Amino acid sequence: MTFHSKREIQFYCLASSSSGNAYIMAFPNESGLTSVLVECGLPYKDIQKRMFDNGLAFGNIKACLITHAHKDHSEALSDLLDRNINVYANEKTLEPYKDNPLAHIMEIDRSSEILKDVYAYAFNTVHDVESVGYVIYDKYTNTTILFINDTRTFDIGKLKGLNFDYIFIECNHVRKQLEIVLQKAIESGDQAKVFKYTRQVRYHLSLAGTKKMLRQLGLSNTKAVFLMHLSDDLGRAEVMKREIEYTMKVDCYVCGKNGGIK
Ligand SMILES: [Zn+2]
Ligand SMILES: [Zn+2]
């Protein structure tokens with residue numbers, strides 16, 4: 001399913017998991033639609049193919065926003081620069097490309113115009129590498145979108161007073177299930193799994209953590225919440241969607257590992 005807002009911003013998911021993340025936000029203007037690719041954590045050819053499969057023109061991408069340097073969020077970065085696409089990310093992510101005029105370092109706690117009438121405000125999040133979240137504001141449709149991926153938490157204070165029309169947020173795992181598999185891994189001495197699950201506890205949002213963040217943000221003006229980056233073995237799409245809808249009284253959709261929004 002493609003999610004079309006009443007104001008005609010179109011949201012697409014091309015991939016969403018620790019194997020790859022890529023989302024399209026297509027913004028309307030007088031001359032049609034201009035797209036922002038948010039995260040580019042797939043091989044460039046796969047992004048092209050998945051866009052084609054969704055009836056989207058790659059040529060409409062005028063900017064790419066990236067949250068952090070991990071490959072599942074940034075794999076196609078250099079290919080995008082080679083194809084003359086402006087890329088916006090934090091300093092760490094763009095370190096290897098600092099002399100490229102198309103690589104734009106996002107200043108923290110500042111807003112930058114990334115497309116005509118589309119602004120992105122970057123704020124720090126908590127992950128095992130330097131990472132940011134974005135508040136994206138589209139002046140043409142007067143729409144505010146929060147995008148926050150791969151984090152354990154973030155400073156809500158910076159976002160106080162903002163009303164988000166749409167929220168894209170990580171919902172990686174159900175904490176109780178993660179605790180059970182972590183305990184089993186510790187008991188069986190499986191160090192690779194202990195490392196993997198400990199990292200998930202420390203640097204990714206659980207369903208409980210996502211709910212806590214949403215509650216603090218306040219959802220009175222929010223039309224929809226999109227859950228991202230579900231864990232392959234510990235993500236529970238239906239449970240998460242139902243729980244958020246029931247407790248938060250908001251429409252909730254899940255971004256699929258191989259694309260699509262349900
Ligand atoms: Zn990730
Ligand atoms: Zn990451």
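## Terms and model

Here, a residue counts as exposed when its relative accessible area is over 50%, and as buried when that value is under 20%. With that in hand, let's look at two parts of this structure, which is a predicted model.

Helix α5 covers residues 175–188, 14 residues in total. From first C-alpha to last, α5 reaches 20 Å, close to the 20 Å expected at 1.5 Å a residue.

Which residues of α5 are buried? They are Leu178, Leu182 and Ala185. These residues lie on the same side of α5, because they cover an arc of only 60° around the axis.

## What α5 packs against

The buried residues of α5 pack against α6, residues 191–203. Following α5 is Gly189, which has a positive phi, near 70°.

Now to the strands. β5 (residues 61–65) and β6 (residues 86–89) run parallel and are joined by three bridges. Across this pairing, Cys64 stands opposite Val87 in β6.

β6 also pairs with β7 (residues 103–105): these two run parallel, with three bridges between them. Here Ala89 is the residue that stands opposite Ile105 in β7.

Terms used. Residues numbered from 1 in each chain as written. Chains lettered and ligands numbered in written order. Predicted model: local features only at pLDDT ≥ 70, side-chain atom pairs only at ≥ 80, totals over all residues. Heavy atoms only, no water. Helix = DSSP H or I, 4+ residues; strand = E, 2+ residues; numbered from the N terminus. Expected span 1.5 Å × (residues − 1). Buried < 20%, exposed > 50% of the residue type's maximum accessible area, 1.4 Å probe, protein only. Arc of directions from axis to C-beta. Contact = heavy atoms within 4.5 Å. Pairing = 2+ DSSP bridges.
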